[in-house]
Amino acid sequence: ILQLPADLTKLHLTDNPHPQVTHVPSSQSGCSIASDSGSSSLSDIYQATESEMGDVDLTGLPEAPVDSEDEEEEEDEDIDRTSDPLLGRDVVRECLEKEPADKTDDDIEQLLEFMHQLPAFANMTMSVRRELCSVMIFEVVEQAGAIILEDGQELDSWYVILNGTVEISYPDGKSESLCMGNSFGITPSLDKQYMNGVVRTKVDDCQFVCIAQQDYWRILNHVEKNTHKVEEEGEIVMVKEHRELDRSGTRKGHIVIKATPERLIMHLIEEHSIVDPTYIEDFLLTYRTFLTSPLEVGNKLLEWFTVDSLRDKVTRVVLLWVNNHFNDFEGDPAMTRFLEEFEKNLEDTKMKGHLRLLNIACAAKAKWRQITLQKPSRDSPLFFSLLGGSDKGFGIFVETVEMGSKAAEAGLKRGDQV
């Protein structure tokens with residue numbers, strides 16, 4: 001059975017249905033448009049529809065190749081190239097060895113990719129990391145036992161360990177070992193600061209990045225000017241960070257870095273800046289970590305659909321949701337009912353083009369299921385009705401399923417194609 005939550009009285013399949021719908025075994029039935037684990041944009045759905053309203057022709061859906069040996073070999077080669085840690089380190093080292101003024105945007109992106117994994121940079125915003133990467137200096141201490149900082153020495157830099165281990169011996173006799181990703185040195189202040197303890201290398205080939213006190217203070221103490229806080233009833237509900245994606249300043253804007261769950265849902269229908277074009281996709285991929293139920297999102301979308309100015313934005317969110325994460329609906333009866341209600345709203349508002357896109361996305365994402373329904377006797381009711389057949393000119397579909405019945409418990413749903 002293929003689950004197709006669509007308007008059964010208006011869905012007309014062509015005489016030659018898509019082979020994936022009727023002939024492909026269950027192991028290969030989910031390859032149209034994109035797999036549920038992947039993400040695809042609305043353009044994928046739009047490409048699958050015709051310019052004029054007409055019969056739904058599933059043969060127009062883009063197909064992803066299945067079990068292509070050539071592609072698998074190419075993917076394996078790509079994985080081999082990108083997963084080589086030595087190759088990655090060589091690239092990063094080349095970027096680090098350049099003078100700050102000589103670093104290109106690509107160099108800084110390479111450094112960002114590496115530095116964001118280190119604990120020293122974990123709690124910093126992206127713009128702060130980017131600025132630190134643009135001014136950092138690379139240093140190497142070849143020998144173990146070399147003293148980097150003396151006790152009481154005036155500090156002028158912040159250090160992050162990229163390779164090796166250092167030991168800090170404090171005046172009271174205690175010692176501490178720091179390894180890759182740890183930091184030591186100044187705090188973000190212009191005051192004179194002095195080292196407490198002796199810092200020496202414990203192994204050969206210790207590598208560091210150093211950031212001068214003036215730069216470190218300037219970057220960390222100007223974070224506030226790059227953030228915009230949204231307050232409601234005296235409480236901060238959202239924080240946005242100003243970002244520039246290139247040095248030319250042509251791609252800049254605010255991106256959400258933290259917010260309450262309610263405010264994150266609301267941002268789905270707000271304008272998104274040029275630096276945050278995939279907010280909806282990112283939200284749909286991650287909402288499970290901070291919401292207990294997808295209905296929290298679904299109910300708000302149904303509420304906003306009644307507002308004329310928000311209708312198109314809500315529809316865009318639902319289409320992306322169905323296309324990228326159809327399991328959220330297929331495996332949840334409450335979310336299936338949400339989809340049916342949303343479909344009815346599209347019909348009532350005569351949004352036929354969007355309804356067509358919804359039907360195509362559902363058809364492409366539906367998966368084969370086997371349902372066993374046992375009747376106590378031959379005369380017992382089925383608790384569901386069918387629609388279609390050769391006399392109707394399209395396939396056989398489940399038209400209605402009685403709520404709470406054995407058929408519903410077995411997993412039969414309105415829109416299922418037999």
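This section describes the overall composition of a predicted model and then several of its strands, helices and individual residues.

The chain contains 15 helices and 15 strands. Of its 418 residues, 41% are buried. The accessible surface of the chain amounts to about 22,800 Å², and carbon and sulfur atoms account for 48% of that area. When contacts between residues at least 6 apart in sequence are considered, 65% of them join residues at least 24 apart.

Four strands form an open sheet in the order β2-β9-β4-β7, and their pairing is antiparallel. Strands β2 (137–141) and β7 (183–185) lie at the edges of this sheet, each pairing on one side only. From one strand to the next, the twist averages 30°.

Strand β10 (residues 227–232) and strand β11 (residues 235–244) run antiparallel and are connected by six bridges. Lys229 has Val239 of β11 as its bridge partner. Strands β10 and β11 form a hairpin with two residues between the strands, and in this hairpin Glu233 adopts a positive phi near 55°. On the other pairing described here, β11 is joined to strand β12 (residues 252–259) by seven bridges, again in the antiparallel sense. Met238 stands opposite Ala259 of β12 in this arrangement.

Arg263 belongs to helix α8 (residues 261–266). Its relative accessibility is 10%, and because residues under 20% are classed as buried, Arg263 falls into that class. Apart from neighbours within four places in sequence, the residues in contact with Arg263 are Val230, Glu232, Val237, Met238 and Glu270.

The loop in question lies between α10 (295–305) and α11 (311–324). The relative accessible area of Leu310 is 18%, and Leu310 is therefore buried, the limit being under 20%. With neighbours within four places in sequence set aside, Leu310 is in contact with Ile269 and Trp304. Leu310 and Ile269 are 41 residues apart in sequence, yet their C-alpha atoms are 6.9 Å apart in space.

The packing of two helices was also examined. Helix α13 (residues 333–348) and helix α14 (residues 352–365) have axes that come within 9 Å and cross at roughly 150°. Since angles over 145 degrees count as roughly antiparallel, α13 and α14 are therefore assigned to that class. On the side of α13, the residues that meet α14 are Leu339, Phe342, Glu343, Leu346 and Glu347. Their counterparts in α14 are His354, Leu355, Leu358, Asn359 and Cys362. Classified by type, this contact comprises six nonpolar, two polar and two charged residues.

How values were computed. Residues numbered from 1 in each chain as written. Predicted model: local features only at pLDDT ≥ 70, side-chain atom pairs only at ≥ 80, totals over all residues. Heavy atoms only, no water. Pairing = 2+ DSSP bridges. Axes fitted to C-alpha atoms, helices over the stretch in contact; angles between N-to-C directions. Buried < 20%, exposed > 50% of the residue type's maximum accessible area, 1.4 Å probe, protein only. Contact = heavy atoms within 4.5 Å. Parallel < 35°, antiparallel > 145°, perpendicular 65-115°, else oblique. Nonpolar A, V, L, I, M, F, W, Y, C, P; charged D, E, K, R; others polar. Areas by Shrake-Rupley, 256 points an atom, 1.4 Å probe, with all protein chains shown as cover.
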